[in-house]
Amino acid sequence: MIELRELTMADAPALQRIYSGTSLKYIERRPLSIDEAVDLVANTPSCARAEPRDRWAFGIAADDDLLGMVRLRCRTERHATISYLLREDSWGRGYATQAIAGMLRHAFNATGLTSISARHHPDNIASGRVLQKNKFAYRGIRDGWPLYGIHKTESSTP
Ligand SMILES: CC(C)(COP(=O)(O)OP(=O)(O)OC[C@H]1O[C@@H](n2cnc3c(N)ncnc32)[C@H](O)[C@@H]1OP(=O)(O)O)[C@@H](O)C(=O)NCCC(=O)NCCS
C-alpha cells in the first residue's frame, strides 16, 4: 500500500536516488544532482502557491520510504498531463498503478480538471500497462509515442 504525500527538504537524497539509473531510460532525463534534487523539492511549494495552480507533484511512499514521484501539469484550464517515476528496486509491486489511481482521484475530486493524458516511450510496456489498468483509453501514436487519455466521469469520482 502506498501513500501520496507532499515532499520535504529531507526527501532530496531519496529523490536523487529515484532519478537515477534504469529509471531514466525511458523518460529522456539525465540523473539528478543533489543540488537539482534540492531545487525540485524547493520548487514544489511554489507550485502549490501559484494561482491559478497549474501543476501538482506528490511523492510516492511506502512504509515511510520515498519510492517515486507522480506529477500533473496543466495544459489548459481543464486538461493536464500525468507523469510518474519509481525507483527501480520498487518496480513490479503495483505501486505505479496505485499512485496513478490516487493522482486521478485527486485530479478529478480536488481540482477543476476534467481530462488527463499521458504518453510513454514505445518500448516502455510497463508504463502503458499501468495506464490501461487505470482505465486510460489508447488514443494512437503521437510523434512516435503511444498516447493515452481519460475523462472525468461519475464513476471516477467516488
Ligand atoms: C513504468 C513504471 C512507473 C511502472 O511501475 P511499477 O510500479 O513497476 O508498475 P506496476 O507494478 O503498477 O504495474 C506494472 C505492469 O506492467 C507489467 N509489465 C512490467 N514489465 C513488462 C513488460 N516488459 N512487458 C509487459 N508487461 C510488463 C507488469 O506485469 C504489470 O502489469 P500486471 O499487473 O497486469 O501484471 C516504472 O517501471 C518506472 O518508473 N519506469 C521508469 C520511468 C517511466 O518509465 N515512467 C513512465 C513515463 S511517464
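1. Two strands are taken as paired if DSSP finds at least two bridges between them. In this predicted model, strand β2 (residues 55-62) and strand β3 (residues 65-74) run antiparallel and are joined by eight bridges. Within β3, L66 stands opposite A61.

2. The sheet as a whole is open and of mixed pairing, with seven strands in the order β1-β2-β3-β4-β5-β7-β6. Because β1 (3-5) and β6 (137-142) stand at the edges with a single partner strand each, one side of each is left without a neighbour in the sheet. On average, and with direction ignored, neighbouring strands are turned by 30 degrees against each other.

3. The antiparallel arrangement continues from β3 to β4, where seven bridges join the strands. M69 has L85 of β4 as its bridge partner.

4. The pairing of β4 with strand β5 (residues 115-119) is in the parallel sense and comprises three bridges. Here H79 is partnered by S115 in β5. Together with α3, the strands β4 and β5 make a right-handed β-α-β unit.

5. The greatest contribution is that of α4, with five residues.

6. There are 21 residues around the ligand, of which W91, A96, T97, A126 and R129 come nearest. By class, the shell consists of 11 nonpolar, eight polar and two charged residues.

Definitions and conventions:
Residues are numbered from 1 along each chain as its sequence is written. This is a predicted model: local features need pLDDT of at least 70, side-chain atom pairs count only at pLDDT 80 or more; totals for chains, interfaces and linings use all residues. Helices (H or I, at least four residues) and strands (E, at least two) are DSSP runs, numbered from the N terminus. Axes are lines fitted to C-alpha atoms, for helices over the stretch in contact, and angles run from 0 to 180 degrees between N-to-C directions. A residue is near a molecule or strand if its C-beta atom, placed from the backbone, lies within 6 Å of it. Ala, Val, Leu, Ile, Met, Phe, Trp, Tyr, Cys and Pro count as nonpolar, Asp, Glu, Lys and Arg as charged, and the others, Gly among them, as polar. A crossover is right-handed if, with the strands pointing away from the viewer, the path from the first strand over the helix to the second runs clockwise.
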